Amino acid sequence: MSDKLRQVTYMTVKNLKNEDIILPGKYSTTFETFAKGLELDVKDENVVLKELSNDTNYVNNIVKKTNKNLDNFYKSTTDAQIAIKNNDSNSLEKINLEIAQMRREINALQKQLFSDPLTGAYNRKWFTDEYLNDDIFQHDGFIAFLDLNKFKRINDTYGHIVGDQVLKYLVRFLKKELQTPGVDIVRYAGDEFIVLFNKEKTTVLNVDRTIFEAQEKLSHQKLKSAKIDELQFSFSFGISPFKKGDYAEVILNTVDELMYKNKEASREN
């Protein structure tokens, strides 16, 4: 449910962002409309609060482990100063191993904090906290905004377990097709994904063609399982360049509009 809550919140804000004034009733009505479309029961406050509490505990647990590593690091550096003063090489070797282990644990915690637990892609927090700085791009590149076509129909027809498998398959597919330096995949909200191309690092020469070829290839693939003979799905996309200093919100609005144009064109063909 927590994933659906994020998706409904994102869709609500996105729908109302151009309004000059948003009254509580307007927000509530819009939120409930999107929640109903995703079959999210927001009236069961106990369930909603439990999901939000689980998310909070998840983050707090990471913070707690990180703080513990920082405390250990402080102790190790203090011990190292004493060992250096006493020319104690055995203690220094032991401290060096402890610091290396702490570094591995902190890297794993950071990866956990910035990863989408379902698909393994980066999450939105990574995009806003690490890739951007105060909603501003830090380098030149390209951004592709992807949205799965008729994903709700997949969930309604086959169930959310299959829907989750589709999302995981999409990320695996994109990672395989775009396996090159300077390309990052982000699960932005629900069935919406972002592919980022760092212009300084990527070897992709034609971003538009690369995403188009991935779109075509995916649309012809068939997924099979014990309960499903074959399942086909596809995505629509919008692509835009961005430059260092550009505001992410402006660029995201651009690629969002381009994505919907691509979706409409697909329906016509």
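Tutor: Start with pairing: two strands pair if DSSP finds at least two bridges between them. Strands (E, at least two residues) and helices (H or I, at least four residues) are DSSP runs, numbered from the N terminus. Here, the bridge partner of Ile185 is Val195, in strand 5. This is a predicted model, where local features need pLDDT of at least 70, side-chain atom pairs count only at pLDDT 80 or more, and totals for chains, interfaces and linings use all residues. Residues are numbered from 1 along each chain as its sequence is written, and side-chain values use heavy atoms, leaving out hydrogens and water.

Student: How many bridges join strand 4 and strand 5, and in which sense?

Tutor: Six bridges link strand 4 to strand 5 (residues 192-198), in the antiparallel sense.

Student: What is the order of strands in the open sheet?

Tutor: The order is 4-5-3-6, four strands with antiparallel pairing. Strand 4 (183-189) and strand 6 (235-242) are the edges, and each pairs on one side only.

Student: At what angle do the axes of helix 7 and helix 8 cross?

Tutor: Axes are lines fitted to C-alpha atoms, for helices over the stretch in contact, and angles run from 0 to 180 degrees between N-to-C directions. Helix 7 (residues 160-177) and helix 8 (residues 207-219) cross at roughly 130 degrees, and their axes come within 11 Å.

Student: Which residues make the contact?

Tutor: Contact means heavy atoms within 4.5 Å. Helix 7 gives Tyr169, Leu170, Phe173 and Glu177; helix 8 gives Ala214, Lys217 and Leu218.
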